[in-house]
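Dear colleague,

I am passing on the structure below, and my notes on it follow. Please read them with the structure open beside you.

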Amino acid sequence: MSDLILKNYMEETVFNIIDDVLKDIDVCKCEKCKLDILAITLNNLPARYVVTKKGELYSKLNLFRLQAEVDIITAITKAAMMVKERPHH
């Protein structure tokens, strides 16, 4: 079996920064609300798939450029406001 994996790097990036963004937003941070925010955020950002061998570092695909970070933070903030208005917990 191949040791190659397909990974949406955007998903990993959002997972890595969401807690930092949400700490400054007055929104419920229960597991259900956080997952709703993640889902809405990822649905509003373009996917960035990479194929790599297991255990290798993923190519950053220029995601850490300033504009990409701003786009991700903006998407998380908008999603958090949507969940805050209509939480499903």
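Leu4 has a relative accessibility of 47% and therefore counts as partly exposed, where buried means under 20% relative accessible area, exposed over 50%, and partly exposed in between (1.4 Å probe, protein chains only). Leu4 is found in strand β1, and together with Leu6, Tyr49 and Val51 makes a nonpolar surface patch of about 460 Å². Patches here are made of residues with over 30% relative accessible area and no salt bridge, with like charges joined within 9 Å and nonpolar side chains (Val, Leu, Ile, Met, Phe, Trp, Tyr) within 5 Å; a salt bridge is a side-chain nitrogen of Lys or Arg within 4 Å of a carboxyl oxygen of Asp or Glu. Both β1 (4-8) and β2 (49-53) supply at least two residues each to this nonpolar patch.

Please keep in mind that this is a predicted model, in which local features need pLDDT of at least 70 and side-chain atom pairs count only at pLDDT 80 or more, while totals for chains, interfaces and linings use all residues. Residues are numbered from 1 along each chain as its sequence is written, and side-chain values use heavy atoms, with hydrogens and water left out.

As for the overall arrangement, the protein has three helices and two strands, which follow one another along the sequence as β-α-α-β-α; helices (H or I, at least four residues) and strands (E, at least two) are DSSP runs, numbered from the N terminus. Of the 89 residues in the protein, 29% are buried, and the accessible surface comes to about 6,200 Å², with 53% of that belonging to carbon and sulfur atoms. These areas come from the Shrake-Rupley method with a 1.4 Å probe, and for residues only the protein chains shown count as cover. Among contacts (heavy atoms within 4.5 Å) with a separation of 6 or more, 81% are between residues 24 or more positions apart.

The largest nonpolar core has 17 residues, and Val14, Leu22, Ile37 and Ile76 have the most contacts inside it; such a core is a set of buried Ala, Val, Leu, Ile, Met, Phe, Trp, Tyr and Cys residues joined through side-chain atoms within 4.5 Å. Two or more residues of this core come from each of α1 (9-22), α2 (31-43) and α3 (66-85), and α3 gives the most, with six residues. If neighbours within four places in sequence are left aside, Ile76 is in contact with Val14, Ile17, Ile18, Val21, Leu22, Ile37 and Thr41.

The cysteines deserve a separate note. A search of the whole structure finds zero disulfides, a disulfide being a pair of cysteine sulfur atoms within 2.5 Å. For Cys30, which is in no disulfide, the nearest cysteine sulfur is that of Cys28, 3.6 Å away; for Cys33, likewise in no disulfide, it is that of Cys30, 3.7 Å away. Cys33 counts as buried because its relative accessibility is 0%, whereas Cys30, at 26%, is partly exposed.

Cys28 lies in the loop between α1 and α2 and, at 32% relative accessibility, is partly exposed. Apart from its neighbours within four places in sequence, Cys28 is in contact with Cys33 and His89, and its C-alpha atom is 6.9 Å from that of Lys84, 56 residues apart along the chain.

Lastly, Asp36 lies in helix α2 and is buried, since its relative accessible area is 14%. Not counting residues up to four places away in sequence, Asp36 touches Val83 and His88.

With best regards
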